[in-house]
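Hi everyone, thanks for coming along this morning. I'd like to walk you through one chain today, so please have a look at the picture before we start.

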Amino acid sequence: FHTATLTIKMDSKLVIEQLKGAYKVKHPNLVPRYLETKNFLARHFTTVSFEHVPRERNKDADELANRAMDKKH
């Protein structure tokens with residue numbers, strides 16, 4: 001059995017708190033995605049931690065994400 005550790009970092013405080021279980025996922029369309037994500041993490045990683053990274057400390061990643069979203073449209 002392999003031990004796998006994952007740290008998820010993102011600038012959405014809401015999503016981080018939801019994944020930690022501190023905030024409830026209320027939107028009905030997001031509940032299945034939340035459950036799928038939690039189940040995936042539980043199946044593939046023995047340890048998962050979540051870290052909120054304020055957007056001002058995450059400018060490069062934010063810019064890349066925006067570029068990727070712009071290309072989809």
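**A walk through the chain**

Let's begin with charge: the chain carries 14 positive and 9 negative side chains, and the centres of those two sets are 7 Å apart. Here Lys and Arg count as positive and Asp and Glu as negative, while His and the chain ends are not counted. The place of a charge is taken as NZ of Lys, CZ of Arg, CG of Asp or CD of Glu.

A word about where this comes from. This is a predicted model, in which local features need pLDDT of at least 70, side-chain atom pairs count only at pLDDT 80 or more, and totals for chains, interfaces and linings use all residues. Residues are numbered from 1 along each chain as its sequence is written, and side-chain values use heavy atoms, with hydrogens and water left out.

Now the overall layout. There are 3 helices and 2 strands, and reading along the sequence gives the pattern β-α-α-β-α. Those helices (H or I, at least four residues) and strands (E, at least two) are DSSP runs, numbered from the N terminus.

What radius of gyration does the chain have? The chain has 14 Å, whereas a compact globule of 73 residues would be near 11 Å. That radius is taken over C-alpha atoms, and the globule rule is 2.2 Å times the number of residues to the power 0.38. Along its principal axes, the C-alpha trace spans about 40 × 30 × 25 Å.

Of the 73 residues, 14% are buried. Buried means under 20% relative accessible area, exposed means over 50%, and partly exposed is in between (1.4 Å probe, protein chains only).

Which residues make up the largest nonpolar core? They are Ile 8, Ile 16, Leu 19, Leu 41 and Phe 50, 5 residues in all. Such a core is a set of buried Ala, Val, Leu, Ile, Met, Phe, Trp, Tyr and Cys residues joined through side-chain atoms within 4.5 Å.

Leaving aside neighbours within four places in sequence, Ile 8 is in contact with partners including Ile 16, Leu 41 and Phe 50. Contact means heavy atoms within 4.5 Å. Across the chain, among contacts with a separation of 6 or more, 71% are between residues 24 or more positions apart.

Leu 6 lies in strand E1, and its C-alpha atom is 4.8 Å from that of Val 48, 42 residues apart along the chain. Beyond four places in sequence, Leu 6 is in contact with Leu 41, Phe 45, Thr 47, Val 48 and Ser 49. Leu 6 is partly exposed, at 23% relative accessible area.

Next, helix H1, residues 13-20. In H1, the buried residues are Ile 16, Glu 17, Gln 18 and Leu 19. What covers them includes strand E1 (5-10), helix H2 (31-44) and strand E2 (47-52).

Glu 17 is one to look at, since its relative accessibility is 10% and it therefore counts as buried. Not counting residues up to four places away in sequence, Glu 17 touches Ala 22 and Tyr 23. Leu 19 is also buried, because its relative accessible area is 8%. Setting aside neighbours within four places, Leu 19 is in contact with Tyr 34, Thr 37, Lys 38 and Phe 50. Leu 19 and Thr 37 are 8.6 Å apart, C-alpha to C-alpha.

After H1 comes Gly 21, whose phi is positive, near 95°. Then we reach Lys 24, in the loop between H1 and H2. Lys 24 is exposed, as its relative accessible area is 67%. The C-alpha atoms of Lys 24 and Leu 6 are separated by 22 Å.

That's my tour, and I'm happy to take your questions.
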